[in-house]
Amino acid sequence: PVVHLCTICPISYSVGANRIYAAVAIPYPAGYPELSREEELEARVQLCEKAIKTTAIEVKEQTIFGKNV
């Protein structure tokens, strides 16, 4: 299974990605520039872990996941 971490979900949807995970923002898809370096690293790790969790979820059609997974 593959998860597409992206900021513009309709584009991922239109190209056929089956697991789409909504990222933070266009200029910083997996980043939080307002945080300290250490806090940002932790936030990135958490975001990636949440996205990776979606690989264990069976999907039968294109699915967009968010920050609540």
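Predicted model: local features only at pLDDT ≥ 70, side-chain atom pairs only at ≥ 80, totals over all residues.
Two strands count as paired here if DSSP finds at least two bridges between them, and strands themselves are DSSP runs (E, at least two residues), just as helices are runs of H or I with at least four residues, all numbered from the N terminus. Residues are numbered from 1 along each chain as its sequence is written, and side-chain values use heavy atoms, with hydrogens and water left out.

The C-alpha trace spans about 40 × 25 × 15 Å along its principal axes. Of the 69 residues, 26% count as buried, where buried means under 20% relative accessible area, exposed means over 50%, and partly exposed lies in between (1.4 Å probe, protein chains only).

The 3 strands make up an open sheet, in the order 1-2-3 and with parallel pairing. Strand 1 and strand 3 (63-65) sit at the edges with a single partner strand each, so one side of each has no neighbour in the sheet. On average, neighbouring strands are turned by 30° against each other, direction ignored; the axes behind this angle are lines fitted to C-alpha atoms, for helices over the stretch in contact, with angles running from 0 to 180 degrees between N-to-C directions.

Next come the cysteines. A search of the whole structure turns up 0 disulfides, a disulfide being a pair of cysteine sulfur atoms within 2.5 Å. Cys6 is in none, its nearest cysteine sulfur being that of Cys9, 3.9 Å away. Cys6 is buried, at 7% relative accessible area. Cys48 is partly exposed at 36%, and its sulfur lies 13 Å from the closest cysteine sulfur, in Cys6, which is too far for a bond.

As for the surface, what does Ile8 look like there? With a relative accessible area of 38%, Ile8 is partly exposed, and its place is in the loop between strand 1 (4-6) and helix 1 (9-14).
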